[in-house]
Amino acid sequence: MTASDIMRPQSTYRGRFAPSPSGYLHFGSLITALASFLDAKKNNGTWLVRLEDIDPPREKKGASAHILKTLAAFGLHWDENILYQSKQTDYYQHIIEQLFKEQYCYYCQCTRAQIKAIGGIYQGHCRHLNLDKNHSAIRVINQIQIDQYSDLIQGKIQCDKALAREDFIIRRKDGLFAYQLAVVADDIYQNISHVIRGCDLLEPTTRQLSFYQLLSDKAFRHVLWSAQDESHVSKHLQAPVFGHIPLAITEQGYKLSKQNKAPAIDIQKPQPALFAALQFLGQQPPIDLKHLNVDEIIQWAIAHWQLESVPKKQEIQLT
């Protein structure tokens, strides 16, 4: 199944950057934030920041505040209040309750080791077992099974069909809400129209598009609409359009990430990193730009931003 019937047309632009406070922003984070920001501003859109703080064991103390301080130091100013996912738990729970009411999810006690032993794709073992909620994850019944979509940067994306059919987890065994639930719920909540992010999320996008379509059922409308700010909500639920930028990788082939202990970017002297990020994104900044102040660099970048110039690669090695 394709995503063409639910991905929204180009209209009012609402973009977002959604980092996890598991560490400080590094160069890979900057590339993503900058591309998202510039694409929104070039299209006279609104740019939001959302902090994905729903996994306390992985969070670093003080990281949320440092992330916001870093974005401001690099001239990436958000247009509305910060959304903290930790404040959204009642909203997520209402969605899960409605999923159970409509018989769209179930409890699962399969372990990662068990799933790995059968090839790494969950086969629906617990779907009809009526398991108790104790020591159980919650999986959504993946009826939609979108396996391809058109990416703004990378073109046609085809996901593994077996993975696209998998019932995926929306709440973990430890009671924490899963990324796939929270990201879709909050993109709906904030009426996000465009998502520019890294290529590490190319395949998960198919799951998110499937979940969008499931939640477009009228049975969920009262849960979704009642949670939203009526000033910008659309009554016609549509998934965002997606664009995935190349990942910055090291000479050893590792993605720059907080897990790999990528160094934080320097907020005291942001110009060199901003200039390098524009080069990475294929924007060909003039050499004199690196000597200007941050606001001047950002204004040049907005005026000259071309999404079509972003390299159509999934990875680029840093030199």
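**Exercise 1.** In this predicted model, describe how the axes of helices α6 and α7 are placed relative to each other, and classify their orientation.

*Solution.* 
Step 1. Locate the helices: α6 covers residues 179-189 and α7 covers residues 204-215.
Step 2. Their axes come within 10 Å and cross at roughly 60°.
Step 3. Angles from 65 to 115 degrees count as roughly perpendicular and those under 35 degrees as roughly parallel. α6 and α7 are therefore oblique to each other.
Step 4. The handedness of the crossing of α6 and α7 is right-handed.

**Exercise 2.** Which strands pair with β5, and in what sense?

*Solution.* 
Step 1. β5 spans residues 137-140.
Step 2. Strand β4, residues 105-108, pairs with β5 in the antiparallel sense over four bridges. Within this pairing, Y107 stands opposite I138.
Step 3. Strand β8, residues 169-171, also pairs with β5 in the antiparallel sense, over two bridges. Here I169 of β8 is the bridge partner of R139.

**Exercise 3.** Decide whether the faces of β5 are covered or uncovered.

*Solution.* 
Step 1. Assign the side chains: A137 and R139 lie on one side, I138 and V140 on the other.
Step 2. Buried means under 20% relative accessible area, and these four residues are all buried.
Step 3. Both faces of β5 are covered.

Definitions and conventions. Residues numbered from 1 in each chain as written. Predicted model: local features only at pLDDT ≥ 70, side-chain atom pairs only at ≥ 80, totals over all residues. Heavy atoms only, no water. Axes fitted to C-alpha atoms, helices over the stretch in contact; angles between N-to-C directions. Parallel < 35°, antiparallel > 145°, perpendicular 65-115°, else oblique. Left-handed = near helix turned anticlockwise from the far one by under 90°. Buried < 20%, exposed > 50% of the residue type's maximum accessible area, 1.4 Å probe, protein only. Pairing = 2+ DSSP bridges.
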